[in-house]
Amino acid sequence: MRNKFDEQLSQLNTKLTDMCSSIEQAISGAVTAITKNNKELAKEVIDLNVDIHDRERDIETLCLKLLLQQQPVARDLRTISAALKMITDMRRIGTQAADICEIYLESEYNLAENMPGIIREMTIETIGMVNKSIDAFIKKDLNLAIEVGKTDAKVDELFMEVKNMLIESIKTNSDGSDQSIDILMIAKYLEKIGDHANNIAEWVAFSITGEHRE
């Protein structure tokens with residue numbers, strides 16, 4: 001019985017890793033679509049969001065099977081409970097990447113021309129946060145989970161930098177205010193993605209320690 005349970009837990013880790021890969025692809029694809037002015041790529045990211053939702057349901061089904069059929073105890077129960085919480089944040093990350101693409105596709109402006117380089121930096125940091133949080137879950141690495149929280153503070157700082165930059169831009173050029181608002185919304189979604197990655201890391205910490213900090 002335990003061998004089967006361990007096999008299913010390994011399957012859970014694999015499915016979470018695959019979902020994480022799809023999320024990384026969505027975040028990177030969203031920003032690349034804008035900076036390269038690639039509408040087809042943006043549409044692919046929106047379609048990928050459907051796949052991410054399907055992965056969430058698949059993992060949820062597996063977790064419920066583990067809970068109902070295997071009757072896990074203590075740490076195993078925390079692991080499965082954390083996974084159920086994590087996939088909600090992971091799905092929201094996919095949705096926000098799709099939202100970024102929607103802004104780009106509906107914008108009247110060529111956002112690539114005035115997209116601050118700091119947006120790319122935010123993208124790299126948020127992808128790193130998502131990757132680290134899932135890696136921490138699989139390796140049961142509390143220190144790695146804690147690192148994600150530190151990076152979240154950096155993403156917040158980058159967002160404030162973008163926000164202040166765009167406010168100054170609007171003050172000096174009110175004609176470009178709509179474009180600045182589009183870029184600000186994109187930065188805000190990236191900041192939210194960082195928050196969700198941090199939530200994932202906090203649930204990882206819970207799965208290891210049994211304590212969940214708000």
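Reply: Leaving aside its neighbours within four places in sequence, H196 is in contact (heavy atoms within 4.5 Å) with D89, R92, I93 and Q96. This is a predicted model, in which local features need pLDDT of at least 70 and side-chain atom pairs count only at pLDDT 80 or more, while totals for chains, interfaces and linings use all residues. Residues are numbered from 1 along each chain as its sequence is written, and side-chain values use heavy atoms, with hydrogens and water left out.

H196 is found in helix α7, which covers residues 177–209; helices here are DSSP runs of H or I with at least four residues, numbered from the N terminus. With a relative accessible area of 11%, H196 is buried, a term that means under 20% relative accessible area (1.4 Å probe, protein chains only). The side chain of H196 also makes a polar contact with the side chain of Q96, at 3.3 Å; such a contact is a pair of N or O atoms within 3.5 Å, where within protein one must be able to donate a hydrogen and the other to accept it, and residues adjacent in sequence count only if both atoms are side-chain atoms.

Turning to M90, and again leaving aside neighbours within four places in sequence, its contacts are L16, M19, C20, I23, I52, I134 and I200.

Elsewhere, the buried residues of α6, among them L144, V148 and F159, pack against α5 and α7. At the start of α6, a side-chain oxygen of D141 reaches to within 3.1 Å of the backbone nitrogen of N143.

Note on methods:
Helices (H or I, at least four residues) and strands (E, at least two) are DSSP runs, numbered from the N terminus. Buried means under 20% relative accessible area, exposed over 50%, partly exposed in between (1.4 Å probe, protein chains only).
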